Amino acid sequence: MHMADALVSPAVGGLFWAASAFLTAKSSAAAKNDNMSGGTALMGVLAAFVFASQMINFSIPGTGSSGHIGGGLLLAILLGPERAFLSMVSILTVQALFFADGGLLALGCNIFNMGFFPCFIAYPHIYKRITERVDGPKGIMSGAISASVAGLLMGAFFVVLQTTLSRITALPVGVFMMMMLPVHFAIGAVEGFATAMVIIYVYARMPEVLNGGSPDKPENGMKRAVAVFSVLALLTGGFFAWYASSSPDGLEWSIVNVTGTAELDAPQTLIHSLLSSLQDMIAPLPDYSIKGETYSENMGTTVSGIVGSIITLTFAVFMGMMFSKRKNRQ
Amino acid sequence: MKVFEIEKICYSYPDGTKALDELSFSVSEGDVLGIAGANGSGKSTLLMLMMGCLTPLKGRIAYLGKSFDRDTVRSMRKETGLLFQDPDDQLFLPTVWEDVAFGPRNLGLSEKEVASRVEGALHDTGIEELSKKAPWKLSGGEKTLAALAGLFAMKPKTLLLDEPTSGLDPRSRCRLISIIGKTEMTAVIATHDLDMVLDVCKRVIIMKNGKIESDGEVPGVLSDREYMRSCGLELPLSFAGRSS
Amino acid sequence: MRLRDLYRTEIYDERRETALSPMLLLCLTSAYIITVVSFDRYQTLRIIPLAAYPIFVGLFSGVSGRDLFRKMTAVMPFVILIGIWNPFFDRIGTEHLGIIISRGWISFFSLMIKFLMITASTLIMVSAAGFDGLCRCAAAAGLPEVLVTQLFLLNRYIRLIVEEAHNTLRARVFRGGKITLSNAGNVCGPLLMRSVSRSEKIHNALLCRGFDGALWRGKRDMNRLSRQDIIFGIFWTAYFLVVRFFDISRAIGDLTVRCVI
């Protein structure tokens with residue numbers, strides 16, 4: 001579910017960067033002020049544990065596929081939402097930088113999709129509520145699966161939203177959602193099950209470890225921030241879903257592409273025109289969406305382009321090697 | 001002058017296992033005290049209590065005459081260094097240099113003073129060439145020396161060492177023993193490397209089941225084979241050939 | 001494979017002595033990414049001159065092309081999965097290279113070109129600047145202490161715990177055990193408990209050396225740029241802008257073709 005930079009526009013990437021940066025700042029302040037003794041070391045080591053355990057693929061008998069434990073939810077159970085969120089920020093940063101899983105521009109989106117939803121929504125409002133009502137392993141199992149599925153579905157939904165708003169894919173929204181949501185439902189169920197097995201194991205032997213996930217009282221500032229973002233996410237998601245469902249073929253360009261006509265029908269509904277103006281507003285550069293220009297390139301101009309590209313890149317290789325030799329000599 | 005005074009301390013693990021049972025002894029300035037005992041005798045737990053990482057259920061620990069409280073523990077930690085059994089628990093930062101500088105920086109020293117202390121500590125432990133290396137790239141012996149350098153850089157008055165030669169090859173072990181032997185600090189060494197105790201320590205405490213079985217001069221305590229066996233230990237290898 | 005990737009990033013640790021400022025690389029790479037993604041989704045040839053940046057920095061920093069290729073191919077499937085639908089849903093034809101091709105294919109190729117360039121530039125930046133160097137710069141620029149400490153500790157203990165996980169799995173498999181979903185608890189549970197115990201020891205070790213919340217504090221002057229850095233930064237920023245607003249590949253190509261013909 002990691003979004004690559006190429007799938008995100010600067011505007012969408014920037015927006016979610018801002019949201020994630022704000023949540024990170026708030027979580028850092030909350031983590032600094034809480035009384036969790038040993039929290040710093042625990043955060044670091046547990047993030048490393050989640051990283052390591054996500055490399056362990058558990059085979060699912062009879063299906064030929066495999067799954068691993070869910071990171072955000074497990075961390076939230078062990079550390080509480082704020083510290084878990086910070087751990088997820090660090091894990092996603094390392095994944096983006098070391099393994100190209102995600103990217104710098106898309107990091108904000110990934111933090112939001114895979115950090116905010118499991119830590120601040122799924123854990124406190126689903127997992128905790130279920131485990132408070134149902135004791136023991138049953139509660140843990142049902143809570144973990146429900147929370148994991150919910151967290152992943154919310155994240156996957158926002159992947160669709162972010163990719164669509166970035167206008168990278170021609171995939172109609174409905175089709176995109178049909179691809180993403182069922183798959184992530186299954187992944188969420190598997191991850192939830194695996195996470196529950198680990199928590200049940202620990203619960204039986206070291207129950208005091210699980211108490212770290214219950215901070216005494218979250219700070220008012222943090223509560224407010226989470227509430228605001230939850231409402232915004234709900235509104236954005238709801239708005240987007242309403243828009244997508246009111247246009248069965250998806251967005252404007254899908255209608256055009258399926259019918260094959262170059263002319264686009266003017267937006268018929270209020271939602272179409274609202275979204276259209278929103279897209280125009282957030283388009284970063286004047287020619288981001290070139291209207292009226294044809295993309296036809298004849299042989300001559302294309303050959304020039306190819307020749308020019310080859311020359312530019314050859315020059316870059318030559319300069320790179322030359323400067324590298326000079327650096328090594330120094 | 002008594003640096004540490006331990007009076008009738010009791011400690012149990014969270015699962016209820018008794019670790020220490022009314023333990024009492026003291027450490028004077030200049031002592032090089034060995035604490036020997038079989039696995040599970042409570043040596044490491046004792047060092048953690050002395051460092052203020054654990055709180056005894058009963059009894060009193062005092063540093064320079066003052067009973068442990070928050071301020072005493074804080075000031076004690078500025079003058080006492082603990083070498084953990086696993087140096088991986090102690091080496092946090094990306095390079096050896098930075099890790100050794102961690103302690104002096106936390107003391108609030110200027111960067112110039114920090115650099116001088118780091119260079120000195122690396123020199124004393126003989127690992128100057130490792131200063132830019134990442135801790136995870138070091139061998140076991142090198143990690144122990146790097147962790148020790150991190151303590152030396154804080155210029156402690158007392159060193160607490162938990163199984164310092166554990167897992168070291170013979171050469172690294174000799175090197176470490178030589179470094180510890182040359183320091184003028186007060187030292188408490190928890191170990192079952194009895195040959196090291198013979199080489200370095202003047203006084204030894206034998207522990208068994210959380211209690212002190214004996215506390216005396218090194219050659220006398222360690223030379224009784226039957227007694228050592230009753231404490232779950234053997235004679236040091238240097239003595240093993242002499243006694244029959 | 002991931003463990004090998006982690007270790008492979010360390011081969012660049014010794015090469016960073018005369019390298020560029022991590023902050024400069026971070027800023028330039030960010031600007032690069034924004035420039036690349038700002039191109040319209042039907043642009044292909046116009047973007048290609050931007051590949052000069054990762055090529056140059058990669059060669060300058062001695063980054064292995066094989067490592068890059070391996071990492072990029074590992075994460076390509078999701079991008080292909082999103083982009084491969086474009087030819088099915090964007091079927092308006094256009095002339096390209098003298099042939100009629102659907103816009104969907106053009107946007108797919110554009111997506112892949114962007115993906116390769118951006119991913120390469122990010123990986124090269126990390127190899128050239130070092131993860132720790134980037135964290136230090138970010139700390140000096142104001143990243144919260146808690147997060148900086150978290151990043152340092154994660155980077156420090158990731159190898160240890162990943163190796164422990166590998167050993168746990170190997171030990172289990174060598175004794176005929178299976179790694180299935182139903183024994184996730186028995187596999188990951190002990191590893192988790194050992195990690196928690198380890199974290200307690202690390203916490204104590206931190207406290208014993210006077211830890212007060214910050215593992216490393218950034219100094220603002222560490223982000224000061226040298227003259228070389230400034231020239232480097234100005235040159236590449238200008239290059240990105242020129243490529244963004246002018247079709248330099250076509251201009252150079254036209255010139256070359258005219259000279260040759």
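**Figure 1. Helices α4 and α5 of chain A cross at roughly 155°.** The axes of α4(A) and α5(A) (residues 107-133) come within 9 Å. Axes are lines fitted to C-alpha atoms, for helices over the stretch in contact, and angles run from 0 to 180 degrees between N-to-C directions. That angle makes α4(A) roughly antiparallel to α5(A) (over 145 degrees; under 35 is roughly parallel, 65 to 115 roughly perpendicular, the rest oblique). The crossing is right-handed, meaning that the near helix is turned clockwise from the far one by less than a right angle. This is a predicted model: local features need pLDDT of at least 70, side-chain atom pairs count only at pLDDT 80 or more, and totals for chains, interfaces and linings use all residues. Residues are numbered from 1 along each chain as its sequence is written, and chains are lettered from A and ligands numbered from 1 in the order in which they are written.

**Figure 2. Residues where α4(A) meets α5(A).** From α4(A) come A:P81, A:A84, A:F85, A:M88, A:V89, A:L92, A:T93 and A:A96. Their partners in α5(A) include A:L107, A:I111, A:M114, A:F120 and A:Y123. Contact means C-beta atoms, placed from the backbone, within 7 Å. This contact has 14 nonpolar, 3 polar and no charged residues. Nonpolar covers Ala, Val, Leu, Ile, Met, Phe, Trp, Tyr, Cys and Pro; charged covers Asp, Glu, Lys and Arg; the others, Gly among them, are polar.

**Figure 3. The contact between chains A and C.** Chain A gives 104 residues and chain C gives 100. On the chain A side, α11(A) supplies the largest share, 21 residues. That side divides into 64 nonpolar, 32 polar and 8 charged residues.

**Figure 4. Chain C has 11 helices and 2 strands.** Helices (H or I, at least four residues) and strands (E, at least two) are DSSP runs, numbered from the N terminus. Buried residues make up 50% of its 261 residues. A residue is buried if 20 or more other C-beta atoms lie within 10 Å of its own, exposed if 12 or fewer, and partly exposed in between, with C-beta atoms placed from the backbone.

**Figure 5. Positive phi at B:E163.** Phi is near 50° in this residue other than glycine. B:E163 lies in the loop between β7 (158-162) and α6 (170-182) of chain B. B:E163 counts as buried because 21 C-beta neighbours lie inside 10 Å.

**Figure 6. Positive phi at B:N209.** Here phi is also near 50°. B:N209 sits in the loop between β9 (203-208) and β10 (211-217) of chain B. With 16 other C-beta atoms within 10 Å, B:N209 is partly exposed.

How values were computed
Contact = placed C-beta atoms within 7 Å.
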